[in-house]
Amino acid sequence: MGAEHASTAIVSVVLPTFNRLRFLRPAIESVYAQTFADWELIIADDGSDLETKQYLQSLTDDPRVKVVWLRHTGRPSMVRNAALLKAAGEYVAFLDSDDLWATRKLERQIETLRARVSCRWSYTAFLRVDGSGNPLPEEAQRPWVPHEGDIFEQVVRGRASIRTPSVLATRQLIAQAGGFNEGLLSGEDYDLWLRLAFYSEVAIVDEPLVYVRRDHDSHTSDWQSAFVSWDSSLSRSQQLVDAGRRSLLREERMRNALKLAAIYAELGAQGRMLRVFWESLPYSWPYPQWWLSGLKTALLRGYLPRRLLEFYWKRRRGA
């Protein structure tokens, strides 16, 4: 993702930030606490306030720290890509400004990747924590199924539970995958994992080495954009894969459309529901599930005309 630099750091840590100084400080401290110390920290600042900028400026006395100053965009994909352009390490690790790493996070992942030559990226287990860094009560019951090796299908199906601060990949693999898609309003992380999984097997470190804070001002609060972005990711990925995987991607697009239509139906947004069905028709029509689920949604929400509904029941009863 950029020209070679003089730095000899093995790991480039990419950290985007916009204010949130309360959480930013401990996030950066968790980098300094790593048992693997051969890193450079690249912080991309998305137009933070003066207090945050002064703190970031104070870090640049350390030659391992670089700050990329940006005008505010509110687009994590653009901010992360700006940091990636400055990365020089053999590996890239991602950290968000409100999350934390356990002290052996980098060490464990690097030793794992070096032992698994077929894998060019890795992720770890994680714990979700509150504002004070304490695990949330529901974490004790949260199901966790580790996936490694070829996980393309698991990423497509949403079965692989990957959080951005848990990922470490070779810089060459990220460049091959094209970095983050700046055209997406949300879900740019899973969009990248999809491409990483296409180009390389993944090695998992099945230890909770990342602490992910509960989202406060999540970029996925616009739930509609999450569905639209995921559909865009699936559609674009069809250009990369063979026929078998294209079928997998198309089926997942169909499922994604059904979920969005069902939410609109629940909200009473008939027009938007019908629009989703219409726009998904070109790639969903071969699937009986799409027709059956669409009919069921329309019937349950009373969106079909009364005469059509009566005709349906007469046919069902054999009248």
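Biologist: Are α8 and α9 roughly parallel or roughly antiparallel to each other?

Modeller: Let me first say what we are looking at. This is a predicted model, where local features need pLDDT of at least 70, side-chain atom pairs count only at pLDDT 80 or more, and totals for chains, interfaces and linings use all residues. Residues are numbered from 1 along each chain as its sequence is written, and side-chain values use heavy atoms, with hydrogens and water left out. Helices (H or I, at least four residues) and strands (E, at least two) are DSSP runs, numbered from the N terminus. Axes are lines fitted to C-alpha atoms, for helices over the stretch in contact, and angles run from 0 to 180 degrees between N-to-C directions. Angles under 35 degrees count as roughly parallel, over 145 as roughly antiparallel, 65 to 115 as roughly perpendicular and the rest as oblique. The axes of α8 and helix α9 (residues 243–267) cross at roughly 165 degrees and come within 9 Å. α8 and α9 are therefore roughly antiparallel to each other.

Biologist: Which residues of α8 and α9 make the contact?

Modeller: Contact means heavy atoms within 4.5 Å. From α8 the contact includes Trp223, Phe227, Trp230 and Leu234, and from α9 it includes Leu249, Arg253, Leu260 and Ile263. By class, the contact of α8 with α9 has nine nonpolar, four polar and four charged residues. For these classes, Ala, Val, Leu, Ile, Met, Phe, Trp, Tyr, Cys and Pro count as nonpolar, Asp, Glu, Lys and Arg as charged, and the others, Gly among them, as polar.

Biologist: What is found in the loop between α8 and α9?

Modeller: Gln238 is found there. To judge burial, take buried as under 20% relative accessible area, exposed as over 50%, and partly exposed as in between (1.4 Å probe, protein chains only). With a relative accessible area of 18%, Gln238 is buried. Leaving aside neighbours within four places in sequence, Gln238 is in contact with Arg246, Leu249, Arg250 and Arg253.

Biologist: How do α7 and α8 lie, roughly parallel or roughly antiparallel?

Modeller: The axes of helix α7 (residues 188–199) and helix α8 (residues 223–237) come within 9 Å and cross at roughly 20 degrees. α7 and α8 are therefore roughly parallel to each other. Tyr190, Asp191 and Leu194 of α7 make the contact with Trp230, Ser233, Arg236 and Ser237 of α8. These residues divide into three nonpolar, two polar and two charged.

Biologist: Which residues of helix α2 are buried?

Modeller: In helix α2 (residues 50–59), the buried residues are Thr52, Tyr55, Leu56 and Leu59. They cover an arc of only 95 degrees around the axis, which puts them on the same side of α2. That arc is taken from the directions from the helix axis to the C-beta atoms. On the other side of α2, Leu50 and Gln54 are exposed. The buried residues of α2 pack against β1 (11–17), α1 (21–32), β2 (39–46) and β3 (65–70).

Biologist: At what angle do the axes of α1 and α2 cross?

Modeller: They cross at roughly 15 degrees and come within 11 Å. That makes α1 roughly parallel to α2. Leu21, Leu24, Arg25 and Ile28 of α1 meet Glu51, Thr52, Tyr55, Leu56 and Leu59 of α2 in this contact.

Biologist: What should I know about phi in residues other than glycine?

Modeller: Most residues other than glycine have a negative phi, and most peptide bonds are trans. Here Asn19 has a positive phi of about 60 degrees although it is not a glycine. Arg20 has a positive phi too, near 55 degrees. Asn19 lies in the loop between β1 and α1, and Arg20 is found in the loop between β1 and α1. Asn19 is buried, with a relative accessible area of 17%, whereas Arg20 is partly exposed at 28%.

Biologist: Is Glu138 buried or partly exposed?

Modeller: At 34% relative accessibility, Glu138 counts as partly exposed. The loop between β6 (119–129) and α5 (152–157) holds Glu138. Leaving aside neighbours within four places in sequence, Glu138 is in contact with Arg128 and Arg214.

Biologist: And how many helices and strands does the protein chain have?

Modeller: The protein chain has twelve helices and eight strands. Buried residues make up 49% of its 319 residues.
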